[in-house]
Structure formats: structure tokens, C-alpha cells
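This report describes one protein model for a reader who is new to structural analysis. Please look at the sequence and the structure together before reading on.

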Amino acid sequence: MTDLPRAQDLGMMGCHVCRLITAYTEDPHARCPRCHNPLHPRKAGSITRAWAFLISAAIFYVPANLFPIMRTQSLLSKDDNTILSGVFELWRNGSPDLAIIVFTASIVVPVLKFCIMGFLLTSVQRASDYGPRQRAKLYRFVELVGYWSMLDVFVVAILSALVHFKVLSRVEPLPGVIYFGIVVVLTMLAAMSFDPRLIWDKRKAR
């Protein structure tokens, strides 16, 4: 593939906030002439921040899976369910479609985001020129699935609201769902902190 020139090579740079294209400058105090926000050729500290958010998310993902996320209580029984036990419980009680949705949102999507963001950050740090278009697509995929990452939390919230209408049964959210919500937010911040233009730089990240 022919290497296309970057905006920096053409003497241009864009504002991260209002997207105004201006003349390239290395002045650390330069500001956008339209919105007056600081101008940077690349997001400052992008890789460090993205790694910090990603590692924090991986740490919080452990208690998110170990602690119960919801309690189902009826007149005769009371069960605390983790994410996985909740998936099995939904499947066993005849809701395979809901079980698949929860499993995808709670296990598949977070693990995919960890793997893809880790791969993107490592490849940029190693100045890899392998498949920049494919890596850019992977980044857009992470951004896309990020919108659906809270699905599991929404399921617990909806179940809690629906079951509260029944007199003899009840569903309560437990600490695991808070940890999972933190994981979702941290992975979204990791994706937002990452500057995908670094994929095309083919140089050691600063």
C-alpha cells in the first residue's frame, strides 16, 4: 500500500475540539484560533492514559465477576448471582435469548475490548506498520461496541424495576454490578484516550 502523507507532512493540524484545520506548529502553547483550546499534533500522553484506564478496568473486572451482581428473592428462596451464575440461571429458567445477551455484554464484549485495546497499544508502542487499516477498523469496532457495554447493567435495572411490581418476589442489584459499571466506564475512557492517528505514524510513541 502506498504511504499517503499525513496532515503533519502537509503542514497542517486539526483542533481536537472544534476540528478546525490550522497550520502545523510545534509551539506547546499554541491555541486554536476559533475555540482557543490547546493545539496538539497528537493527544498528549495518549498511550500512558489509555494503558492506565485499561489496566484499571482489568483489575476491576475481577471483582465484577467474583461478587454477585443481583439478588433474586421470593417468598421461599433467596439467591445471589454473579454474572456467570446469572447467565446459567436465566438459561435454566427458559430465557436463553436473555442469557445470550447478558453473556455477550458481560463476558464477550469486555474481553474483546481488553484484547483489542491491548493489541493496539502494544503495536503503536512498537511502531508496527502491520495492517494499519485493519487496526483502524478494530479501533472503530471498540468505539462501536462501547455504546452497548452498559447492556448488562440495564438488564439488572430493568429486572429490578419489573420484579418490584410483584408482591412476593424481588430483585436487588448487588456490588458486582457497580464494579462492572466501573469496568465499562474505564474501558470507554481507555478507548477515548487512545489517539488512533498514532497507528499511521510508524514511529516510536512519545
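Against which helices do the buried residues of H1 pack? The buried residues of H1 pack against H2, H3 and H6, where contact means heavy atoms within 4.5 Å and buried means under 20% relative accessible area, exposed over 50%, and partly exposed in between (1.4 Å probe, protein chains only). Helices (H or I, at least four residues) and strands (E, at least two) are DSSP runs numbered from the N terminus.

**Basis and confidence**

The model is predicted: local features need pLDDT of at least 70, side-chain atom pairs count only at pLDDT 80 or more, and totals for chains, interfaces and linings use all residues. Residues are numbered from 1 along each chain as its sequence is written, and side-chain values use heavy atoms, with hydrogens and water left out. The term pLDDT denotes the predictor's confidence in each residue, from 0 to 100. The protein has an average pLDDT of 80, and 83% of the residues score at least 70. Confidence is highest in helix H1 (residues 46-66), at a mean of 93, and lowest in helix H5 (residues 151-163), at 63.

**Overall architecture**

The protein contains six helices and five strands. Along the sequence, these elements follow the pattern β-β-α-β-β-α-α-α-α-β-α. Of the 206 residues, 35% count as buried. Among contacts between residues at least 6 apart in sequence, 66% join residues at least 24 apart. The protein exposes about 12,400 Å², of which carbon and sulfur atoms supply 66%; accessible areas come from the Shrake-Rupley method with a 1.4 Å probe, and for residues only the protein chains shown count as cover.

**Helices H1 and H6**

The expected span of a helix is 1.5 Å times one less than its number of residues. The 21 residues of H1 should therefore span 30 Å, and its end C-alpha atoms are 31 Å apart, which agrees. Helix H6 (residues 175-193) has 19 residues and reaches 27 Å from its first C-alpha to its last, close to the expected 27 Å.

The buried residues of H1 are Ser46, Ile47, Ala50, Leu54, Ala57, Tyr61, Pro63 and Ala64. Those of H6 include Val177, Phe180, Val184 and Ala191. An α-helix has 3.6 residues a turn, so residues three or four places apart point the same way.

Phe180 lies in helix H6. Because its relative accessible area is 0%, Phe180 is buried. The C-alpha atoms of Phe180 and Asn65 are 7.9 Å apart in space, although the two residues are 115 apart in sequence.

**Nonpolar surface patch**

Leu84, Phe88, Phe103, Val108, Leu112 and Phe141 make a nonpolar surface patch of about 510 Å². Patches are made of residues with over 30% relative accessible area and no salt bridge; like charges are joined within 9 Å, and nonpolar side chains (Val, Leu, Ile, Met, Phe, Trp, Tyr) within 5 Å. Helix H2 (83-92) and helix H3 (96-125) each supply at least two of the patch residues, and H3 gives the most, with three. Leu84, which lies in helix H2, is partly exposed because its relative accessible area is 40%.

**Salt bridge**

How many salt bridges are counted? The count comes to one, where a salt bridge is a side-chain nitrogen of Lys or Arg within 4 Å of a carboxyl oxygen of Asp or Glu. The side chains of Asp195 and Arg197 meet in this salt bridge, at 2.9 Å from N to O. Asp195 counts as buried because its relative accessibility is 2%, whereas Arg197 is partly exposed, with a relative accessible area of 28%.

Most residues other than glycine have a negative phi, and most peptide bonds are trans.

Trp148 is exposed, because its relative accessible area is 59%. The C-alpha atoms of Trp148 and Val109 are separated by 8.8 Å, and these residues are 39 apart along the chain.
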